[in-house]
Amino acid sequence: MFQSHCSDMPPNGEKCGYPCFSGDKHYKARRFLNFTLIELLVVIAIIAILAAIMLPALNNARNNAKAIGCINNLKQLGIYTVLYSEAFNGALPYCPYEDGSTKKWVTLLQRGSIIKENGYAAFICPAQAPYKFHALSEASTYTYGRVGAYNPSDFTYSGSLKTIARPALSEIFADSVTTDPPATAAPNGFTSNGRTQYFLIRKHYPNDKARVELRHKKRANFLFVDGHATALGRSDKVPTHNHLFPKQNTGEKTIAEAYNPYMD
């Protein structure tokens with residue numbers, strides 16, 4: 001039955017002054033809900049400790065998810081590479097020099113109707129900070145890098161599938177970065193640190209501004225000619241020559257020696 005005031009008396013002998021139901025110990029509930037400052041600080045400290053423990057694990061999980069997404073993108077690119085090769089007598093996508101400029105490998109996939117125009121979603125690493133372009137066509141420049149050759153613009157070096165003796169060891173695309181992107185390509189810069197992917201990486205040119213980037217826990221994701229993708233670190237090895245006399249030259253170089261990669 002409802003009473004106008006609590007009939008139970010707190011220890012100081014005064015009524016609590018709040019309406020309650022008969023039999024409720026309202027003053028005890030009030031005493032229970034009144035945290036002291038020390039108790040509140042203890043709760044805040046516990047929450048802060050839990051956050052400090054969990055945030056690195058959450059960040060690590062997020063970075064792992066991005067690395068897995070990158071591998072999946074490269075595998076998708078591997079499918080496009082196979083389709084292109086089958087359509088063009090074993091040729092591999094490369095970056096031809098035409099009409100006074102170096103064309104993007106994306107352009108070849110478009111010409112061959114392998115991908116739709118401006119279909120670049122699978123060619124950008126999820127771990128690369130997002131950036132905007134003046135024109136959507138600029139996106140074809142800032143993709144995974146075509147690797148594996150002294151000169152990815154020369155078909156002699158970029159080659160045909162038929163010239164590769166060890167396709168499972170021969171890299172063709174990889175995580176890339178350039179530290180000197182053209183200022184005209186984006187309105188407000190590419191990323192907070194002025195770096196973005198780049199479509200062409202020359203092998204054995206250690207001083208180029210466009211290089212492989214070890215952005216996944218000091219490793220870079222690579223796609224190989226046979227279609228598999230995996231992460232490689234500085235000490236992992238690739239063939240010295242993928243396309244130039246591959247059957248006679250079976251030497252190998254570390255990623256550090258072949259690409260002098262940037263480390264994120």
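User: What volume does the second largest cavity have?

Analyst: Rolling a probe the size of a water molecule over the atoms shows where empty space is left. In this predicted model, the second largest cavity has a volume of about 30 Å³; a cavity is a set of points, on a 1 Å grid over the protein atoms alone, where a 1.4 Å probe fits but cannot get out. Local features need pLDDT of at least 70 and side-chain atom pairs 80 or more, while totals for chains, interfaces and linings use all residues. Numbering runs from 1 along each chain as its sequence is written, and side-chain values use heavy atoms, without hydrogens and water.

User: Which residues line the second largest cavity?

Analyst: Lining residues have an atom within 4 Å of a point. Here they are G78, T81, V82, I172, L223, F224, V225 and G227. Two or more of them come from each of α2 (37–87) and β9 (220–224), and α2 gives the most, with 3 residues.

User: How does the lining of the second largest cavity divide by class?

Analyst: It has 5 nonpolar, 3 polar and no charged residues; Gly counts as polar in this scheme.

Technical notes
1 Å grid on protein atoms, 1.4 Å probe; cavity = no way out; pocket = protein on both sides within 12 Å on 5 of 7 lines; lining within 4 Å. Points joined across faces, edges and corners; volume = space filled by probe spheres on them. Helix = DSSP H or I, 4+ residues; strand = E, 2+ residues; numbered from the N terminus.
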